[in-house]
Amino acid sequence: MKLFGKGEGGGKEQPSTSIIGREMALVGSVSFKGRLRLDGRIEGDVKGEHFILGATGKVIGDVTAANLVCHGHVEGNVDAKKLHVMRGGTITGRVETTDLSVESGALLNGEIKSRSQ
């Protein structure tokens, strides 16, 4: 699988994937297209398409994403079309979503607002 550029099958373009490792910390807002996996820390707002927050990842700020898979920790508000909070994932803040799934062992602290499709 290629991380950047065109995929191998039929010339179909695969979405870009960016990875912020567990030893990296960013201060400031982050905006992205495609996919972002965060195993480190961001102090600031995150806005993008497909956001994967790894188990060691932490966001202190608001998250706006089309699709958020949360294994780590968010301290801030979340606005996502699809939100999956996995076991060990924690969100502290207001959550607004159209499609919510929460695994046993996940933690949501705050207000949850459901949007219609």
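Is Ile112 buried, partly exposed or exposed, and what is its relative accessible area? In this predicted model, local features need pLDDT of at least 70 and side-chain atom pairs count only at pLDDT 80 or more, while totals for chains, interfaces and linings use all residues. Residues are numbered from 1 along each chain as its sequence is written, and side-chain values use heavy atoms, with hydrogens and water left out.

Ile112 is partly exposed, with a relative accessible area of 45%, where buried means under 20%, exposed over 50% and partly exposed in between (1.4 Å probe, protein chains only). Ile112 is found in strand β14 (residues 112-114), strands being DSSP runs of E of at least two residues, numbered from the N terminus. Together with Leu100 and Val102, Ile112 makes a nonpolar surface patch of about 230 Å².

Strand β8 (residues 63-70) has six of its eight residues buried, so it is largely enclosed by the rest of the structure. Seven bridges join β8 to strand β6 (residues 46-53), the two running parallel, and Lys47 stands opposite Thr64 in β8. Strand β10 (residues 78-85) is likewise joined to β8 by seven bridges in parallel, with Leu83 in β10 as the bridge partner of Leu68; strands pair if DSSP finds at least two bridges between them.

Val30, which lies in strand β3 (residues 30-31), is buried, with a relative accessible area of 16%. Leaving aside neighbours within four places in sequence, Val30 is in contact (heavy atoms within 4.5 Å) with Leu36, Ile42, Asp45, Val46 and Lys47. Of these contacts, Asp45 is 15 residues from Val30 in sequence and 6.2 Å away in space, C-alpha to C-alpha.

Note on methods
Helix = DSSP H or I, 4+ residues; strand = E, 2+ residues; numbered from the N terminus. Patch = residues over 30% accessible without salt bridge, like charges linked within 9 Å, V, L, I, M, F, W, Y side chains within 5 Å. Areas by Shrake-Rupley, 256 points an atom, 1.4 Å probe, with all protein chains shown as cover. Salt bridge = Lys/Arg side-chain N within 4 Å of Asp/Glu carboxyl O.
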